[in-house]
Amino acid sequence: TLHRKTNAFLDYHTMRSSVKVQHLTVFILLCISKLPAHVSAVIEKGGGEGQVKSQVNDRDEEIFDYIVRFENTKSYQSFLQTEVQVMDSVTSLPFMNAEVLKFPSAKAAKDWSLRRNDIRYVVKDLRIQPLDLRVQPLDLRVHTMEDTMQGETTPYGIEMVEALGIEYVEGSGIKACIIDTGYDLGHEDLPDATLMTGSGTCSDVPCDWKVDPNGHGTHVAGTMAALSNDKGVRGVVSNGLMPMHIERAIGSNGATLSNILQSMSNCVNAGAKVVNVSIQFSTQVYLNIFDSFFDDLEEAGEEVLFVAAAGNSGNNFYSFPASANSRFMMSVACVDSDANHCWDSQYNDQVDIAAPGKDVKSTIPNDGYDNKSGTSMSSPHVAAVAALIWSHRPHATVADIRRALEISAIQPDPYSQGERNDYLGWGIVNAKRALEALGSNQPSISPSPTLNPTESHQPTVSHQPSG
């Protein structure tokens, strides 16, 4: 059986633990049994454990870049010293002992991996687009009266999550990171560069984090941090005191898996405690690579909470990285202004929590404002609430924060308070109640969570939508 992360607590003092997926024969056999016939998964026995050597699609001949993760640092360093010079290297991912290599064909990548015994896995460096991409490039966009607002309004989502009246604690050091399409630095309603850092991993030249030709990332940023300044809208954290790191991983041609992984690592290295990821890879093959990333964080003793969009395909399929098996990851579903589950929000046993995501008004480039919908809009509500309450308890752990978020979440009808379900997880995030839960050893605001994880059937993984 392929284990999924559990949502069980032993008691109020016990952190929620996730069952890690073992990279063993059980996982490999499941992948092989579910993959389409044209996808090849090659197994090599080594050290008593089965390892996926390559997972390549022989029909997909337009992508020849592959992420090659070596068994350990020693084998990776040996490759860099003796072999990389004769290979076509695209980029390096040293934080995970991996190299992105270009091959002349899918068959060549497979054959090369079969000749070696020092590789953990080889996966295609898939290219994707951000979730909820429904706007034209903004330099071509003509603003309407809807876009340029007079005075300030409070989006319904900020009120629903009860963030009003809670101030981010200056100097707490709790930094938030956004992995997306960039950030419109200089927007009238967004924080300036004083507390900002950033970098770019996309293929655009230059890949400048301080601009956002698409607008998706700026919209996410506004939900998290739009200023209370009598202009436009206000975000969950509206006092302009939260340090932020921006990772522009998505460029004009989308983003590759390696772009996202590098940006995730950059967020950690920048000192971020909360990372928002509105990205969807809709194939089970990538479970392995994201799980291994979080396993590395565990081994390094990091305390970083990743918050990701559950996906917008309206089914029970898993999307990644949201469905990774890790205590570091929270998967966020979407609700509308009436607290109803959004029709296109994915639902499964990996959904942890929910937040407003339908017709969310926020910032777009050129001092504009717009409504957008999707789990991409839900995720930043949760990420910002996490950073907001964390600033009041900067020495709290990831387990403390996610426990506070989950036991304080509100379940709308017809769901039962204190019980998890596949549509909204533990319920709609609530900043006020979460802060109370974080500051109390025995909170009385919510019934005790269920002692056993919610059972859920395994969704089909052989025909994942591209989202």
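Student: Cys 177, buried or exposed?
Tutor: Cys 177 is buried, with a relative accessible area of 0%. Buried means under 20% relative accessible area, exposed over 50%, and partly exposed in between, using a 1.4 Å probe and protein chains only.

Student: What kind of model is this?
Tutor: This is a predicted model, in which local features need pLDDT of at least 70 and side-chain atom pairs count only at pLDDT 80 or more, while totals for chains, interfaces and linings use all residues. Residues are numbered from 1 along each chain as its sequence is written, and side-chain values use heavy atoms, with hydrogens and water left out.

Student: Back to Cys 177. What is it joined to?
Tutor: Cys 177 is joined to Cys 267 by a disulfide, with an S to S distance of 2.0 Å. A disulfide here is a pair of cysteine sulfur atoms within 2.5 Å.

Student: Where do the two ends sit?
Tutor: The pair links distant parts of the chain, 90 residues apart. Cys 177 is in strand β9 (residues 175-180), and Cys 267 is in helix α6 (residues 257-269). Helices (H or I, at least four residues) and strands (E, at least two) are DSSP runs, numbered from the N terminus.

Student: And Cys 267, buried or exposed?
Tutor: Cys 267 counts as buried because its relative accessibility is 0%.

Student: Left-handed or right-handed, that link of Cys 177 and Cys 267?
Tutor: Left-handed, with -50° about the S-S bond.

Student: How many disulfides are found in the whole structure?
Tutor: A search of the whole structure finds three. One of them is formed by Cys 202 and Cys 207, with sulfur atoms 2.1 Å apart. Another joins Cys 334 to Cys 342, with an S to S distance of 2.1 Å.

Student: Why is the one between Cys 202 and Cys 207 called right-handed?
Tutor: Because the torsion about its S-S bond is about 125°. Cys 202 and Cys 207 are both buried.

Student: What about the link of Cys 334 and Cys 342, left-handed or right-handed?
Tutor: That link is left-handed, with -50° about the S-S bond. Cys 334 is buried at 1% relative accessible area, and Cys 342 counts as buried at 6%.

Student: What pattern do the disulfides follow?
Tutor: The pattern is 1-4, 2-3, 5-6, counting bonded cysteines along the chain.

Student: New topic. How many helices and strands are there?
Tutor: The protein has 10 helices and 19 strands.

Student: How much of the protein is buried?
Tutor: Of its 467 residues, 60% are buried. The accessible surface comes to about 17700 Å², and 50% of that belongs to carbon and sulfur atoms. Accessible areas come from the Shrake-Rupley method with a 1.4 Å probe, and for residues only the protein chains shown count as cover.

Student: What share of the contacts with a separation of 6 or more is between residues 24 or more positions apart?
Tutor: That share is 76%. Contact means heavy atoms within 4.5 Å.

Student: How many residues of helix α9 are buried?
Tutor: Helix α9 (residues 398-408) is mostly covered, with 10 of its 11 residues buried. Among them are Val 398, Arg 402, Arg 403 and Glu 406.

Student: What covers the buried residues of α9?
Tutor: The cover includes the strands β15 (305-309), β16 (329-335) and β17 (351-356), along with the helices α8 (375-390) and α10 (431-438).

Student: Now the backbone. Cis or trans, the peptide bond from Val 205 to Pro 206?
Tutor: It is cis, with omega near -5°. Pro 206 is in the loop between β10 and α5 (216-225). A cis peptide bond also joins Asp 413 and Pro 414, with omega about 10°. Pro 414 lies in the loop between α9 and α10.

Student: What is the phi of Asn 97?
Tutor: Phi of Asn 97 is near 55°, a positive value in a residue other than glycine. Most residues other than glycine have a negative phi, and most peptide bonds are trans. Asn 97 lies in the loop between β4 (88-93) and β5 (98-102), and counts as buried at 13% relative accessibility.

Student: What about the phi of Asp 230?
Tutor: Phi of Asp 230 is also positive, near 65°. Asp 230 lies in the loop between α5 and β11 (232-233) and is exposed, with a relative accessible area of 64%.
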